[in-house]
Amino acid sequence: MSGEGEAVVAAVEAVAERIESERDHLTDLDSAIGDADHGGNMARGWAKAVDAARDIEDPDPETVAKTVGKTLMSEVGGASGPLFGGSLVFAGAELADGVTPETVVAFAETYLAKVEDRGDARLGDGTMVDALTPAVHTFKKSIEVDDLDPLSALAKAVDAAERGVAFTVPIRARKGRASYLGWRSVGHQDPGATSTLFILEEVLEVAADRLDGEVPETDATSPTIPDDAEVEDVEADGAGSDGPAPEGSE
Amino acid sequence: MSVGLVVVSHSARAAEGIVEIAAEMAGETRIEAVGGDGRGGIGTVPDDIEDALVTAAGDAGDEGDDDGEGVVVLVDLGSAVMNAEVAIELADVDAVIADAPVLEGAVNAAVAATDPNATLESVREQAEAAGEISKV
């Protein structure tokens, strides 16, 4: 149990380091369609989250997730605080029985549901949901239907998230600050989707390290997604709805 | 048996100012101001909102019917709404966010909360009626 807690702390450290190294990149993406604070806010929040996670005595996965979530809520600010942090606080409860393929599926589904609910965003709105949804669906299917090992499932999920990030570029943002730009948001990659991908990539690296496995090569030309009708349906719904007033951040 | 109020703004001073105005009409109603990012800047923090909710809810631990009726929350913009939602989910308090302009809604809610028969719903309704106020 404590080994799992330490693994989660290691993942938090890896994420914080990655976000810090991508700080300018994220800020550049955000300055094109938002208020140019995503990189700085996330870097500050994750740095504080590492401090908080390291301070936990005898860490277990649930406590680490909730502590990091709480810290992000307080320190990141804007809409990213409740979206990245608040969702983690609630999803963290799914790790009460440790980190197993089943608990991680539950964690991922709760996290996605919270982000969608809080941000009132759906697939196709040009937000972090576009990276998160295919990742969560792919991971769930890989574990529950395709019976893949956790590392392969996670690698496929990261691939799916990467395609999700690419998907935010040619579409018009319908939620978040970018939606204020209307058609001018087309052609820009969403910063929240991008940081979501970075987080997943680091989690994969740490998982591979802890499970003593190589990160499996996934075949991007034959993704898991197309035979997953659920994803296609949600996508169609998202693209067809004219959302109400955008959720602004401060 | 009373309804408490919480005013959430990105600015602590704005929240306090709104409460100052609403308190004129609030009688004995518990009304809490919360805002700012905790570092002296603009923003909102769920933990702070949670504390305000608990204070505004009153002595929920008391025996009998003296428990508060709950808390109506007035919010300003964007992430203040999300953070208030997170705080409500985390706090063990019966609370609702009024879909209302923050200042006018707070004043309306303060008046409505002084009604001896006030409920969470009646106060929320009055707060939301502030959205109809025409000024010119």
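**Entry 1: salt bridges**

I begin with the term I need: a salt bridge is a side-chain nitrogen of Lys or Arg within 4 Å of a carboxyl oxygen of Asp or Glu. I keep in mind that I am reading a predicted model. With that rule in hand, I looked between chain B and chain A and found a count of six salt bridges, while over all chains the count comes to 20.

I then looked up K70(A), whose side chain meets that of D47(B) in a salt bridge, at 3.1 Å from N to O. K70(A) also forms a salt bridge with E50(B), where the closest N and O atoms are 3.7 Å apart; this pair crosses between chains, since K70(A) lies in helix 4 (residues 61-75) of chain A and E50(B) in helix 2 of chain B. I note that side chains of opposite charge can pair when their charged atoms come close.

**Entry 2: the contact between the chains**

Next I asked how many residues each chain brings to the contact, and I found 17 from chain B and 19 from chain A. The area buried between the two chains is about 1,500 Å², and carbon and sulfur atoms give 56% of that area. On the side of chain B, the residues that lose the most area to chain A are R39(B), M82(B) and E89(B), which together make up 39% of what that side buries.

I also looked for polar contacts between chain B and chain A, and the count is four residue pairs, both residues being at pLDDT 80 or more. The elements of chain B that give two or more residues to the side touching chain A are helix 2 (46-57) and helix 3 (78-90), and helix 3 gives the most, with eight residues. Sorted by kind, the residues of this side are six nonpolar, five polar and six charged.

**Entry 3: two strands of chain B**

Last, I turned to strand 1 (residues 3-9) and strand 2 (residues 31-35) of chain B, which pair in the parallel sense over five bridges. Within chain B, V6(B) stands opposite E32(B) of strand 2. I followed the chain from strand 1 through helix 1 (residues 12-23) to strand 2, and this β-α-β crossover of chain B is right-handed.

Key:
Residues numbered from 1 in each chain as written. Chains lettered and ligands numbered in written order. Predicted model: local features only at pLDDT ≥ 70, side-chain atom pairs only at ≥ 80, totals over all residues. Heavy atoms only, no water. Contact = heavy atoms within 4.5 Å. Buried area = accessible area lost by both parts, 1.4 Å probe. Polar contact = N/O pair within 3.5 Å; in protein donor to acceptor, adjacent residues only side chain to side chain. Helix = DSSP H or I, 4+ residues; strand = E, 2+ residues; numbered from the N terminus. Nonpolar A, V, L, I, M, F, W, Y, C, P; charged D, E, K, R; others polar. Pairing = 2+ DSSP bridges. Right-handed = clockwise from strand over helix to strand, strands pointing away.
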